[in-house]
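Here's a quick tour of a protein model, written for someone who likes to know the cut-offs behind the words. Have a look at the structure, then read on.

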Amino acid sequence: MTDLHPNVARVVAAAEAAGLSIEPVRFADGAKTASDAAAAIGVDVGQIVKSLIFAVDGEVVLAFVSGRNQLDESKLAAAAGGARCRRVDADVVRTATGFPIGGVPPFGHATKLRAFVDGDLLAYGEVWASAGTWHDVFAIAPDDLVRVGGGEITDLKR
């Protein structure tokens with residue numbers, strides 16, 4: 001793959017550095033929602049990994065949530081050992097990860113973030129995550145998502 005967007009190339013390189021080979025797939029129309037992504041790929045919406053960035057007591061953290069679920073912010077705060085969880089703006093997301101909202105992959109970030117994984121993702125043999133843009137995704141085994149993404153499995157759903 002020689003025509004990769006720089007963001008996608010960074011995700012592929014991060015995967016390779018962790019001993020994982022991924023194959024990004026590009027969708028010209030993009031996929032801004034989990035439902036859009038599932039329809040484009042042809043999988044269950046639960047197989048879509050939403051990579052969400054929040055601040056827990058000021059610490060920027062990452063939550064990998066099944067596309068079927070909504071994040072319970074109080075559960076994320078508790079998992080991170082904090083009291084207050086809040087959304088962050090697009091500038092914080094880009095500074096912390098190096099990627100835009102809607103294109104945040106599970107790894108390859110600009111800074112090391114603690115990550116928390118929705119246990120429902122483990123019910124699937126394969127899940128799909130952003131590869132660094134709204135248009136690029138890749139398949140990954142849930143165990144590899146946890147391992148390479150550095151995630152802690154916990155209940156995050158509302």
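## The cavity

The count comes to one cavity of 30 Å³ or more. For the record, a cavity here is a set of points, on a 1 Å grid over the protein atoms alone, where a 1.4 Å probe fits but cannot get out, and lining residues have an atom within 4 Å of a point. Grid points are joined across faces, edges and corners, and a volume is the space filled by probe spheres set on the points. This is a predicted model, where local features need pLDDT of at least 70, side-chain atom pairs count only at pLDDT 80 or more, and totals for chains, interfaces and linings use all residues. Residues are numbered from 1 along each chain as its sequence is written, and side-chain values use heavy atoms, with hydrogens and water left out.

The largest cavity has a volume of about 30 Å³. Its lining is made up of Phe27, Gly30, Ala31, Ala37, Ala40, Ile41, Trp134, His135 and Val137. α2 gives the largest share of that lining, three residues. By class, the lining of the largest cavity has seven nonpolar residues, two polar and no charged; Ala, Val, Leu, Ile, Met, Phe, Trp, Tyr, Cys and Pro count as nonpolar, Asp, Glu, Lys and Arg as charged, and the others, Gly among them, as polar.

## The pocket

Now for the open space: a pocket is an open set of points with protein on both sides within 12 Å along at least five of seven lines. The largest pocket has a volume of about 630 Å³. It is lined by 29 residues, and Lys50, Ser51, Leu52, Ile101 and Gly102 lie nearest its centre.

Strand β2 supplies the largest share of this pocket's lining, six residues, while α2 (34–41), β2 and β6 (127–130) each bring at least two. Helices (H or I, at least four residues) and strands (E, at least two) are DSSP runs, numbered from the N terminus. The lining of the largest pocket splits into 17 nonpolar, seven polar and five charged residues.

## The sheet

Five strands make an open sheet in the order β4-β2-β3-β5-β8, with mixed pairing; two strands pair if DSSP finds at least two bridges between them. At the edges sit β4 (85–87) and β8 (151–154), each pairing on one side only.

β2 (residues 49–56) runs antiparallel to β4, with three bridges between them, and alanine 55 has arginine 86 in β4 as its bridge partner. On to β3 (59–66): eight bridges join β2 to β3, again an antiparallel pair, with leucine 52 opposite alanine 63. β2 and β3 form a hairpin with two residues between them, and aspartate 57 in the turn has a positive phi of about 50°. Most residues other than glycine have a negative phi.

β3 and β5 run parallel, joined by four bridges, and valine 61 stands opposite arginine 114 in β5. Seven of the eight residues of β3 are buried, meaning under 20% relative accessible area (1.4 Å probe, protein chains only).

## Valine 117

Where does valine 117 lie? Valine 117 belongs to strand β5 (residues 114–118), and it is buried, with a relative accessible area of 0%.

Leaving aside neighbours within four places in sequence, valine 117 is in contact (heavy atoms within 4.5 Å) with Phe64, Val146, Gly151, Glu152, Ile153, Thr154 and Leu156. The C-alpha atoms of valine 117 and valine 146 are separated by 7.0 Å, with the two residues 29 apart along the chain.

How values were computed:
Buried < 20%, exposed > 50% of the residue type's maximum accessible area, 1.4 Å probe, protein only.
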